[in-house]
Amino acid sequence: MTSRFTTLAATTALAMVITSTSHAQTVQDEIIVTATKRATTLQETPVAVSVTDNVTIENARILDLNDLQSVVPSLRVNQLQTSTNTNFIIRGFGNGANNAGVEPSVGVFVDGVYRSRSAARIGDLPKLERIEVLRGPQSTLFGKNASAGVISIVTANPSYETEGYIEAGYGNYNNFTGKAYYTTGIGNDDAAFSIGGGFNFRDGYAEARDGLSDLNDRNRWNLQGQFLHEPSDDTSIRVIADYSTLDEICCAITNFQNEGAIIAVNRLGGQTADASDPFAREHFSNKDSVNEVDDWGVSVQVDHNLGFANLTSITAYRNNETFFDSDSDFTTLEILETVSTENKIGTFTQELRLTSNSDGPLNWMVGGFLFDETVDAVDRLDWGADTRRYVDVLAGNEALFRTIEAVNGFTPGSTFFGDQHTFIDNFKQENTAYSAFGTVDFEVTDRLTLTGGLNYTNDDKTVSYFQDSTDPWFALDLTTAPGPDLLALGQIQAAVGDPTNPLYQAFGAAFAPFMLTLDPATFGQLATGTFQNAIAQGAFTNGFLPNVENGVIASLQALQFNPPALAFPNVIEDGKTSDDKLTWNVRAAYEINDNINVYASAATGFKSSSWNLSRGSRPFFTDGAALAGANLLPNNYVLGATPATSRNFGTRFAGPEEATVYEIGLKARFDKGAINIALFDQSIEGFQSNVFQGSGFSLANAGEQSTQGAEIDATFKPVPELEFTFAGTFLDPVYDSFVGGPGPNGTIADLSGEKPAGIPETSLNVGATYYHSFDNGMNGYVRGDWQYESKVQSNEAIFATTGAEQPFRTVNTFNAAAGLKLENGFAVQVWGRNIFNDEYVSTVFPGVLQQGVINGYMNAPRTYGVNLRKDF
């Protein structure tokens, strides 16, 4: 296979580097990283880590972590239905989007502070120093929720010297950006502060229907202040406060397949995106989406030299409030009037760390971490003015639901799926976690260092849930309620043509024409048999309902996708999880010479249980018997012998993830460049899979997912003015075991042996930068980079659902920038991203309440602009 072949090639390349560069002299600049929570050079750090410095970030016009993947191939960022709904993936592992209860497998830290819910924005950090992407499990030092890797963002300390900048830019789609930063010393040269902020405004690049705003715009601004106090040579206190806000219309979708239920949409005069031209960037809805975010936080870091060791304390509190509302049927009909999510998250963290100062062969670090968080999540769903009309078309005739309403004592024509109905799901989660960790480095010789580390983490979650719902359709059990047995022996026949009959009156003029369309055989079944016999003969359907083996009853049950919720905690479900895990890492690092280091390591990672804080939350089948015995099962829940023969059971939470990685690597620096190579075999047991299936999210543990692969990161400078970069990631991912995976129509499928969707086998980043210094003191540069990802399936559940060839993703994107800086600090930059307008799908998902429709999110089109900046 491709990945295993490239792994062998990388091994050969590693051997060649060791042999051919043993006497090379190093002149490359040292890159300082804190990946091991110690300041070391990149070459000395025996960890797979990619570092992007502030120069590359500025020159390449990288505004957020989504842009960062263009220079870090192991990192993939998925932008989903909101501006901040972002999923980070490293080496093919990662989750955490679409659900406030699912923390990411890739931990994000900003100046040492853990961000439990990450938004792909770094533009709110006015003076970045570097971004480190640590690949593979990092739980030993970073604790919970780092089972796939870590993104560590480091900003600059305030300076005692007065300096700063002001920057303004303009780009296509009417893009206005601005940033400013100022820092200076205060007092008796023992304190300094900095303040910075910025804004980013842009029109949307996806055209909406007349009267509505274009989508995927930008409307965000931010402010950050820092204070640094160093009362002595041994003590440093750093305080950081930041605030950012966002109010945008996001995110546009397109259609990649229009089949099945799209016929019902069209019959009612609805419009939707044209699947024959999915990249037309036209979005169809009947109202503007709302994306609002308010985010703020404060942190205090204290460093004190105790002589034998350095003590570090990082205390932080963060508050994040988000609100999202959209027309999620993505048509001009009002099928779903409101689909909204409101989250309020408050997070307190405290880290204490003691790091040895010994010059001897033994160095150590011990520490502890405390995490306390509260999540309040509210999901709301409102039917629209066209919901009932749409469902009637799916059913084949409005008489079906009017009949069921009438016989069950409801007002025919306006009870089920009426626009007066609302579903409000309320969740609250309290999460407390603590960990203790320690590492030891022992220098066996001047060139050989052995490292061992342990981390014990305990994570407790307490969750409560209740639902307010008003639509009685979802509580009807169609196999036992009056509806299935309605109209036995002659009731309908007596009503036909008799305006005085109450049943006739319930249907009005629609009743007789409907009955007259029935063929005699069907009418006979209907008049002399049961409701089940009648619908089995096709009396109430014309093919728009799902084609389910068990007949139309089962098809109608598919429209009961939001069954009555079972509130918890209750006498069976306590709403609690308590996880604990001891993770470890061992490593041997050997310095072959002053320029070449090699290492071998093994490590484990841990991510605690994640709760499904969405309307897709369902009781476990294993709790079904106890719930039934306690008379707690809501109406319309069916407990069978197996999950496949039961209805409306699912999962409340997914259990912990446990990761293991075995890795060997090389880091070499020489006179004209550097190369880093890592070969790894990584697996995660209990991978938390969160997949949308048309009406809700399925949260489940995969048995095991593994990836074997190779990573290469190289820099070559043939002359001082010219630099080439190459980075490649080659993966061979597979579900070793995933029996309970997402299947067609929300069913369960066995995905064991299949490749996980969305993980390319080959990812490449190739770049070149030319620097030039002019005689008058002016400096300039020209750079370009190419990002490539091989063809990959976008969603395994979609492929199983439709049976058709679904959209695949292939990335082939080119970015470029050029700049000039004068001796007086004035600079100009021109830039372009996705210059050749590469088009690909980020991810796809089944149409919301529209079987046969495939929706998806598109990448951003070509963008370009000019920046002016003045440093002082």
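1. A residue counts as buried when its relative accessible area is under 20%, and as exposed when that area is over 50%. Keep these cut-offs in mind for what follows. The model discussed here is predicted.

2. Start with F417. Is this residue buried or exposed? F417 has a relative accessible area of 2%, so it is buried. F417 sits in the loop between helix 7 (399-407) and strand 22 (422-443). Its backbone deserves a look too. F417 is not a glycine, yet its phi is positive, about 60°. Most residues other than glycine have a negative phi.

3. F417 also belongs to the largest nonpolar core. That core has 38 residues. Those with the most contacts inside it are W383, Y390, F401, F417, W473 and L559. Which elements each supply at least two residues of this core? They are helix 5 (262-267), strand 20 (336-356), strand 21 (362-383), helix 6 (387-395), helix 7 and strand 41 (853-858). Helix 6 gives the largest share, with 5 residues. Nonpolar side chains tend to be buried together in soluble globular proteins.

4. Helix 7 is mostly covered. Of its 9 residues, 7 are buried. They are A399, L400, F401, R402, T403, I404 and E405. Among them, F401 is listed with the residues that have the most contacts inside the largest core. After helix 7 comes G409, with a positive phi near 85°.

5. D189 lies in the loop between strand 11 (175-186) and strand 12 (191-202). Is D189 buried or exposed? Its relative accessibility is 67%, so D189 counts as exposed.

6. Most peptide bonds are trans. The bond joining C250 and C251 is cis, with omega about 5°. C251 is in the loop between strand 15 (235-248) and strand 16 (253-258). The bond from F568 to P569 is cis as well, with omega near 10°. P569 is placed in the loop between helix 13 (552-558) and strand 24 (576-591).

7. Another set of pairings involves strand 33 (residues 722-737). Strand 33 runs antiparallel to strand 32 (residues 704-719), and 14 bridges join the two. How many residues lie between strand 32 and strand 33 in their hairpin? There are 2. T715 has T725 in strand 33 as its bridge partner. Strand 33 is also joined to strand 36 (residues 762-773) by 9 bridges, again antiparallel. Here L722 stands opposite Y770 in strand 36.

8. A674 is in strand 29 (residues 673-685). Its relative accessibility is 18%, so A674 counts as buried. What does A674 touch, beyond residues up to four places away in sequence? The answer is A668, R669, D713, A714 and T715. T715 is the residue bridged to T725 in strand 33. A674 and I596 are 78 residues apart in sequence, but 9.6 Å apart in space, C-alpha to C-alpha.

Note on methods: Residues numbered from 1 in each chain as written. Predicted model: local features only at pLDDT ≥ 70, side-chain atom pairs only at ≥ 80, totals over all residues. Heavy atoms only, no water. Helix = DSSP H or I, 4+ residues; strand = E, 2+ residues; numbered from the N terminus. Buried < 20%, exposed > 50% of the residue type's maximum accessible area, 1.4 Å probe, protein only. Core = buried A, V, L, I, M, F, W, Y, C linked by side-chain atoms within 4.5 Å. Pairing = 2+ DSSP bridges. Contact = heavy atoms within 4.5 Å.
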